[in-house]
Each structure stands twice: as structure tokens, then as C-alpha cells.
Amino acid sequence: AVKAAAEKAKKAEEEKKRAAAQLAQATGKANEASNVKMEGIDDGVLGQKWVEDTLKGTKMWPPPNMHVLEKQTFLDSADGKVKGSLDHPAVRRNLCMTMGRLNSNMLNSHPELIAAGQKQLIDPTYFK
């Protein structure tokens, strides 16, 4: 009886993994190395640039009312240069992520994003 229960539990776990893999595949979230696509490298892949461009259409990029960040500078350790907030890659990414979250209803229901997700054309370095 114990052996039968263990086999049943093992089959249930395998079925659960299989269902999760199918869901990840269907929603474009399967991140195996061969499935990872990157915006700017692979054609039609949506990522940070798409978010920025989409937010521009709603006048939410660059972020309105940046106040203190407009004059703030940051050292870019990659090249040793001092850059403004939108010119520094890490600061720009964080601002984009913040604006993306603030506008997530619009972005997540955008037809282009939905279509790209179905085709697994989502950049996992931005969308997680």
C-alpha cells in the first residue's frame, strides 16, 4: 500500500511538472537557454525599449516630473563617465521598471505584448 501511494504521488508530481511546463510554454515563460530571446538581438522580441516606446505614446516616458533626478548625475562604472539619470543604463532601467509598474494595466493588456507572449517573443531580462 505504501509503495502504491508513493507511485501515485510520483505520478501526480510528474503530471504537475508537465502541466507547469505546458503553461510556461503557452504563456511564453519557458526560460530554457534555447528559448531565451532578447530584444535588439532577436527579431520581434519585446523588452525595455518596447516599454519605453509604448509609454512615450501615453506621455509617460520619459517620466514626467522627475524633479531632483533631472539634475542628478551618476557614475557609470562600466565606462567611468558621469551621466544623467536617463543616460545611465542602471538608473534608466530602474526608472523604466518603475514607470512600467505604474502603468502595468495598460502595458499588460496591450495587444502587441499579448501577441508576443503567445509567440514566446518576450525578453526575460526585462519581463519576469
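In which strand does D76 lie? Select D76 and you will find it in strand β1, which covers residues 73–76. Keep in mind throughout the tour that this is a predicted model.

**Stop 1: D76 and H88**

With D76 still selected, look at how much of it is covered. Its relative accessible area is 6%, which is under the 20% limit, so D76 counts as buried. Now show its surroundings: leaving out residues up to four places away in sequence, D76 touches K81, K83, H88 and P89. From C-alpha to C-alpha, D76 and V91 are 9.7 Å apart in space, while 15 residues separate them in sequence.

Is H88 buried or exposed? H88 is buried, with 10% relative accessibility. Not counting residues up to four places away in sequence, the residues that H88 touches are F74, L75, D76 and K83.

**Stop 2: helix α2**

Select residues 48–56, which form helix α2. Colour Q48, W50, V51, E52, T54 and L55, because these residues of α2 are buried, each under 20% relative accessible area. What do they pack against? The buried residues of α2 pack against α4, α5 (104–108) and α6.

Zoom in on T54. This residue is buried, at 13% relative accessible area. A polar atom of its side chain lies 2.8 Å from the backbone oxygen of W50. Further along the sequence, beyond four places, T54 touches M106, L107 and H110.

Now move to L55. Setting aside neighbours within four places in sequence, L55 is in contact with M60, W61, M99, G100, N103, M106 and L107.

**Stop 3: the largest nonpolar core**

Show the side chains of W50, V51, L55, W61, L113 and F127. Within the largest nonpolar core, which has 18 residues, these six touch the most other members. The elements that each give two or more residues to this core are α2, α4 (89–102) and α6 (111–118). Which of the elements gives the most? That is α4, with four residues. Here is some background for this view: in soluble globular proteins, nonpolar side chains tend to be buried together.

**Stop 4**

The peptide bond that joins W61 and P62 is cis, with omega at about -5°. P62 lies in the loop between α2 and α3 (68–71).

K59 has its place in that loop between α2 and α3 too. Its phi is near 60°, a positive value in a residue other than glycine. Is K59 buried or exposed? K59 is exposed, at 70% relative accessibility.

Q120 is not a glycine, yet its phi is about 60°.

**Stop 4**

V36 belongs to the loop between α1 (2–26) and α2, and at 31% relative accessibility V36 counts as partly exposed.

Methods
Residues numbered from 1 in each chain as written. Predicted model: local features only at pLDDT ≥ 70, side-chain atom pairs only at ≥ 80, totals over all residues. Heavy atoms only, no water. Buried < 20%, exposed > 50% of the residue type's maximum accessible area, 1.4 Å probe, protein only. Polar contact = N/O pair within 3.5 Å; in protein donor to acceptor, adjacent residues only side chain to side chain. Contact = heavy atoms within 4.5 Å. Core = buried A, V, L, I, M, F, W, Y, C linked by side-chain atoms within 4.5 Å.
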